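Trainee: I'm new to this one. Could you walk me through it and tell me what the terms rest on?

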Amino acid sequence: MPQNILLIEDDTQIVEMLQNYLVKEGYDVSAAFNGLDGISLFRQSAFDIVIVDLMMPKLDGIEVMKLIRENSSVPILIMSAKDSDIDKAIGLGFGADDYIAKPFSLIEMSARIKAAIRRATTYSNAGSAADQVPSAAKVLTFDALRIDLDNFSARKNDVDLRLTAKEFEILKLFATNPHRVFTKAQLYSLIWNDEYYGDENVINVHIRRLREKIEDLPSKPRYIKTLWGIGYKWEGQ
């Protein structure tokens, strides 16, 4: 079955261009030209990924993402002509999985869509399979933090942490490679399975969100340490 894409964008030329290209790539594409219509379409059907512009009439992209994230973990790809770090940080902080700046190439857009859907599918399938083998889970313990590698879950002080798929992938990578330094380019390649475009803010925001969930003091992290100008490493004992 073809994978379903929801495209929410108020520029009719971009919608037409993307729709024509993605349909030829084998996707089913539903389009909305404002945020309200986009949310209405999202609630009527199941989608494999949502592509949303930040600046739109009636309901902007941030509000659209907040509504989607109330009860869905579907991959969300932001696109916007405003290519500032602030816009990226705000967007990703509300649950977007990736960001692409306008103007973009159709090849790059297609690659990012495929990568996002592949990650979400792999995460979902792995979680379902792990549920069938509850006694074989491999658990890493770092004081009050427990990371269940097989069941794709983490707990802190016996409270479940609500991690996104990418947050858990980052946590797993660090926790299974203690004291190893990862550059931002390496993290992007290993977690996003894509070429690093020099957009380090995507990494920064995900690290910040993960720290807020696993660290007692995110501003003074004990687990994920920053090596300025180099990258990050795991210091959990």
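Mentor: Helices (H or I, at least four residues) and strands (E, at least two) are DSSP runs, numbered from the N terminus. Bear in mind that this is a predicted model, where local features need pLDDT of at least 70, side-chain atom pairs count only at pLDDT 80 or more, and totals for chains, interfaces and linings use all residues. Residues are numbered from 1 along each chain as its sequence is written, and side-chain values use heavy atoms, with hydrogens and water left out.

Trainee: Then what makes β4 and β5 a pair?

Mentor: Strand β4 (residues 76-80) and β5 have four bridges in the parallel sense, and the rule asks for at least two, so they pair. One example is Ile 78, whose bridge partner in β5 is Tyr 99.

Trainee: Which sheet do they belong to, and what is the strand order?

Mentor: An open sheet of five strands, ordered β2-β1-β3-β4-β5 with parallel pairing. β2 (28-32) and β5 are called edge strands, as each pairs on one side only. On average, neighbouring strands here are turned by 20° against each other, direction ignored.

Trainee: Which strands does α3 touch, and at what angle does it run to β3?

Mentor: α3 packs on this sheet, touching β1 (4-8), β3 (49-53) and β4. Contact means heavy atoms within 4.5 Å. The direction of α3 makes about 155° with that of β3; axes are lines fitted to C-alpha atoms, for helices over the stretch in contact, and angles run from 0 to 180 degrees between N-to-C directions.

Trainee: Why is Ile 68 called buried?

Mentor: Ile 68 sits in helix α3 (residues 61-68). Its relative accessibility is 1%, and buried means under 20% relative accessible area, with exposed over 50% and partly exposed in between (1.4 Å probe, protein chains only). So Ile 68 counts as buried. Leaving out residues up to four places away in sequence, Ile 68 touches Ile 39, Phe 42, Val 50, Val 74 and Ile 76.

Trainee: What about the other sheet, with β10, β11 and β12?

Mentor: That one is open too, with three strands in the order β10-β12-β11 and antiparallel pairing. β11 and strand β12 (residues 231-234) share four bridges. Among the bridge partners, Thr 226 goes with Tyr 232 in β12. Helix α6 (residues 165-175) packs on this sheet, touching β10, β11 and β12, at about 65° to the direction of β12.

Trainee: How do you know that Arg 222 and Asp 143 form a salt bridge?

Mentor: The rule wants a side-chain nitrogen of Lys or Arg within 4 Å of a carboxyl oxygen of Asp or Glu. Here N to O is 2.4 Å, so the pair qualifies. Arg 222 lies in the loop between α8 (200-214) and β11 (224-227), and Asp 143 in the loop between β6 (139-142) and β7 (145-148), so the bridge ties together parts 79 residues apart in sequence. Arg 222 is partly exposed at 39%, while Asp 143 is exposed at 51%.

Trainee: Are Asp 98 and Arg 112 buried or exposed?

Mentor: Both are buried. They also form a salt bridge, with the closest N and O atoms 2.9 Å apart. Asp 98 is in strand β5 (residues 98-101) and Arg 112 in helix α5 (residues 106-131).

Trainee: How many salt bridges does the rule give?

Mentor: The count comes to 13.
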